[in-house]
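This briefing accompanies the sequence and structure shown below. Please read it with the coordinates open, taking the topics in turn.

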Amino acid sequence: MIAEIGLAALAFAFAASIYSILVSIYGEIQQSSGAMISGRNAALATLPLLLIAMLALLVALVTEQYQLSYVWNVSNPQTPIFYRITALWGSQKGSLLFWCFTTSLFTFGAIVFNWRSERHLMPYAIAVMMATQAFFIGITLILENPFARWWVDAITGDAFESILIPSNAIIPDALRLAESAKGLSPLLRHFGMIIHPPMLYLGFVGFLVPFAFAIAALASGDLSTNWIKASRRWSLISWVFLSLGLILGGRWAYDVLGWGGYWGWDPVENAAFLPWLVGTAFIHSVMIQQKRGMLKVWNMVLVIGTFSAVIFGTFATRSGVISSVHSFARSSVGFPMLTFWGAMTLIGAVLTFHRWRRGELRDEHEFAGLLSREMLFVLNNIIFMALTIAIFWGSFGAPITSELFFGTEITLGKDYFMGVTPPLFAALYILMGIAPLAAWSSTSIKRLGKALLIPSILTVITLLLLMVIAPSYSDPVRFNLAGSDSGFFLPAQAVAAFSYAIILLAGFVAIYETYRGTAARVRARNESWLKATITLFGRNQRRYGGYLVHLGIVIIGIGVIGSTLFQYQTRRTLDLGETTTVQNYQLRFDDFQQGAAADGRFINRATLSLSQNNRIIATIQPRVDEYPQMGMMIAGAHSTAARDFYVLLDDFDETGNSVSFAIYINPLINLVWWGGIVLVFGTLIAAWPKEVLPAHLRGAKQKMSGTNDVE
Amino acid sequence: MTEMTWEKSPAQEKNKIEEKLKRRKSERLKFIIGGLLILGAVGYLIFSSTLGGASYFKMVDEVVNNSNLVGQSIRLTGAVLGDTIEYDATTGTLSFIVVHIPSDYENLAETLHEAVTDPSRTQLVVQMEDTTMPDLLQHEAQAILTGEIGEDGIFYGTELNLKCPSRFEEQAPEQLASQE
C-alpha cells in the first residue's frame, strides 16, 4: 500500500512539473495571467506531492517493509532506527528521491518569495526550475525507482523486481526477506556522512534558482539587475550549504577512511568542488554588476557555469562511470544525465550569445585602471575559472582526451593537483587581501600601500611569533617543473612562511577593515563597541558578513597549510602496558577489548593513554569495527587547537597483547573545521533578510533595494 | 574673442578626443598584454603539472614483462588474490598479488570473480611501504594502484584504492527464490 502511495505521488509530481513548464511558457507568450498563475500553482503543488513520496519511503524504511527492494538493500532488522531514517539518502534511488524533494523545496521558496516582486521573470524561471525537476523526477520514476518491490514468480519460483504489481506473482515470504536484507553500508554510519550528502544536495540544487532567473532574464530580455536581486540570497544560501557539504565530507574522510587526511583529489570530490569554485566567482562578480553595471557577460557565463558544474558533478557521482570511492554503483542514469547537462549548458550559452550579439549585455562603464576594484574582480573571476579548468582537466579532461586521441588513458594523480592548485590559491588569497581595499575606477599604488600598512605590520608580527613556536620537523616540499625529474626543493618552513604571509594578510585586512568601521562609529556617535559592531554588521550585512566569510577562509587556509606541510607520521607496535615516545608525547598501550555490538558489528578497541611531561593528558581509543561486509578503522584522536594526535588501530594478533598503531600528528587541522563555522556564520549575516532585522539596523531606505550595500 | 574660441575649440576638441582614444588604446593594450600573460602563466602551470603528474592507465597484461614501462609512473587495475595478502605492521610493508582483468566489462563483480578463479590469468606482485592495512583489501576486491614497476618485476605502489562491488551492488536475493 505504502509503495502505491509513494508511486502515485511521484507520478503526479512528474505530471504537475511537465504541466507547469508548458502552461508557464504559454502564459508568458500569450501574456495570459490565468495561465501563468495555473503554471505557478502546479509548480507549488510538487512540494507536497514529493513530500508525500518521500514520507512514504521513510515510513517503509521505519516499518521495515523489506518487500521494497530499496528498504531491503539499505537496512536490515539490526539497523537502529536512526540509520533507518538516514538510509533515505543512503543509496542511489532514495537519494534521487531526496534530491527531487530538496529541489522542490528551493523552487517552492523561490516562487513564493519572488512571485510578486519579479512577476515578469517568473514564468520562464518556473519553466526552467520545473524542467530540471521534471528531469530528476523522471529519472527517479523510470530508471531508479525506490518503490520497486520484490516478487516471486508463481511458476518458476524466481525472485524479481517490479514497480507495478505483476500478474502471476506472489509476495515473497516476509521472514526470508528480513533475513536476507543487506543493511546500510558501514562507511555511511558516521555523523559526517549522515549530514554531508543532504548539505551537498541543498548546495547543488540551490544553484538552480539563480540559474533559472538568469535564463528567465535572457529569455524575456529583462537584463536589468532584477534577476540578480531575485536570486542573490538563494545563491548565498546554496553556497553555504555547498561549503558545509564539502567540509563535512572532509571530516568524514578524516574520521572514517583512515589515512589521516581529509582531501584526496579524488575525481568525485573534485566534481563537487567545481560548482563551489564557479559559484564563489559568481557571488563576487554579481556585486560589480549591481554596483557598476559591469561584467554582465561574465555573470551570465558564471551562473550558467555553476549550474552546469552542478549537473556535471551529479553525473560524475551518480553515473558510476568514474571510478572513485564515492560513486554509486554503475547505473543507467549516466547517459540521460549527460544529455541533460549538455542541453542545459547549451541553452544557456546560446541565449547569452544571442543577447550579447544584440549588444544587450554591454557594460555601462569602461574599465579605468588596472588597479581598480572592478579590474581586481575580473582577475578574481579569471583565477577562479583557471582553478576550475585546471581541476576539471586533471579529473576528467586528461583521462577522456588521452583515451579519445591516443587510445591510452592518462590519469593525473595527487602530484598534478598539488602542483597546479597552490599558485592559483595563493593568487586568490592575495586578491582577498587587496581587492577589498581598492577603490572603484582606479587606485594608486600609494593609496593601496597606505591601506595595507597596518595589516602588513600585523602579518609580520604574527609570522615572527609563529617562527618562534613552529615545529622544527618536516620534509622539504618538492616543486615539479615541466616533467617529474626536474623539480626543485624548498624547505617546508619557507613555503609555509610565504603561504602564511599572504593568508594572514587577507585575514588582517578583513579584521582591520571591520575594526576601522566600528571605531568610526564609536567616535562619531559615541556608541559602545558592542553596539557599534552590531550596527555595523546590520547596516552593511554584505560587506561585513563578507569579511567574516573571508576570515573563515583564512582560518581554513591556515589549517590546510599546517596540516599539509607539517604532518608527522610514524608507526609503533606495542605490547600491553608498553610506553613509547612520539616527539614530545608518551603513549602507553593500556587495554585491548573485543566484543559484539547490538547492531551486528564486532568491535576491536584499544585504549591508550597519552601523556606529556609525565602528566596524562588524554585517553585515546582507536578501533576497528568489523561488519559482515568489511572492517572499518575508526581513528582515535586527542584534538587541540594546535594539533591532533591521531591514532589508527592498524593490526593486532588474536590475543590482543601486541598491537600495531599508525600515528599521525596533524598540526592546525582543527582550524579547517572551525574556519567552516566562521564561514557559515558570515554567510548567514550576509544573506539574512533585511526585513526581519530590527528597524534601527536596516539602514536607509535606499539601501533596502539591495543595490547599494556594496561599498 | 568669440572668433578665437570658435576657431580654437574644434582643434582642442579633436586633440582631446585623440588623446582620449590614444589613452584608451594604450589601456586596452595593457589589458590585452596582462590577459595574455595570465593566460600564458596558467597554461604553463597546467601543462607542466600535467607532465609532472601524468601516469598511464594500464592493465596487468600490458605491464608484466614489459621492460619499456620500468620506472614510469603507472596507474593499474586488477583483482586481488586474498590468500596472497601479507602485511607487516611494524614496518608498514604490504604485499599482495593482483590478477589481470579486462578493461571493458559489463558487470564488475562477475569480472572480478572470473579473474580470481582463473589460474591462467597473468599475475603481478604488488608491494607498498609505510602504509596501513586498507579496510577494503580482501579477496576479489578491485585494486586501483598508482606507482611504478621495478626492474625486479614487482609493482611498487604509492597509492591504493579499492572497490568491492559484490558487497553493495543490488542482486536478486537467492534466498527468496526457492519458496516452496
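How much area do chain A and chain B bury between them, and what percentage of it is on carbon and sulfur atoms? In this predicted model, the two chains bury about 4,900 Å² between them, with carbon and sulfur atoms accounting for 58% of that area.

**Interface of chain A and chain B**

- The contact between the chains brings together 70 residues of chain A and 50 residues of chain B.
- Twelve residue pairs are in polar contact between chain A and chain B, counting pairs in which both residues have pLDDT 80 or more, and the side of chain A that touches chain B is made up, by class, of 36 nonpolar, 21 polar and 13 charged residues.
- One salt bridge is counted between chain A and chain B; the side chains of A:Arg571 and B:Asp130 meet in a salt bridge, with an N to O distance of 3.3 Å.

**Overall build of chain A**

- Chain A contains 21 helices and 16 strands, and its radius of gyration of 28 Å is close to the 27 Å that the globule rule gives for 711 residues, so chain A is as compact as a globular protein of that length.
- Taken along the principal axes, the box filled by the C-alpha atoms of chain A is roughly 80 × 75 × 60 Å.

**Domains of chain A**

- The division of chain A gives domain 1 (1-188), domain 2 (444-564 + 675-704) and domain 3 (568-667), and the contact of domain 2 with domain 3 takes four residues from each of these two domains of chain A.
- Between domain 2 of chain A and domain 3 of chain A, the buried area is about 370 Å², with 55% of it coming from carbon and sulfur atoms, and the residues on the domain 2 side of this contact divide into one nonpolar, three polar and no charged.
- The interface of domain 2 and domain 3 of chain A has zero salt bridges, although one residue pair is found in polar contact across it, both residues being at pLDDT 80 or more.

**Salt bridges in the whole structure**

- Over all chains, a search of the whole structure finds 18 salt bridges.
- The side chains of A:Glu374 and A:Arg292 also meet in a salt bridge, at 3.4 Å from N to O, and this pair links distant parts of the chain, 82 residues apart, with A:Glu374 lying in helix H14 (residues 373-406) and A:Arg292 in helix H11 (residues 267-292) of chain A.

Note on methods:
Residues are numbered from 1 along each chain as its sequence is written. Chains are lettered from A and ligands numbered from 1 in the order in which they are written. Side-chain values use heavy atoms; hydrogens and water are left out. Domain bounds come from an automatic or database domain assignment. Contact means heavy atoms within 4.5 Å. Buried area is the accessible area (1.4 Å probe) that two parts lose on being put together, summed over both. A salt bridge is a side-chain nitrogen of Lys or Arg within 4 Å of a carboxyl oxygen of Asp or Glu. A polar contact is a pair of N or O atoms within 3.5 Å; within protein, one must be able to donate a hydrogen and the other to accept it, and residues adjacent in sequence count only if both atoms are side-chain atoms. Ala, Val, Leu, Ile, Met, Phe, Trp, Tyr, Cys and Pro count as nonpolar, Asp, Glu, Lys and Arg as charged, and the others, Gly among them, as polar. Helices (H or I, at least four residues) and strands (E, at least two) are DSSP runs, numbered from the N terminus. The radius of gyration is taken over C-alpha atoms; the globule rule is 2.2 Å times the number of residues to the power 0.38.
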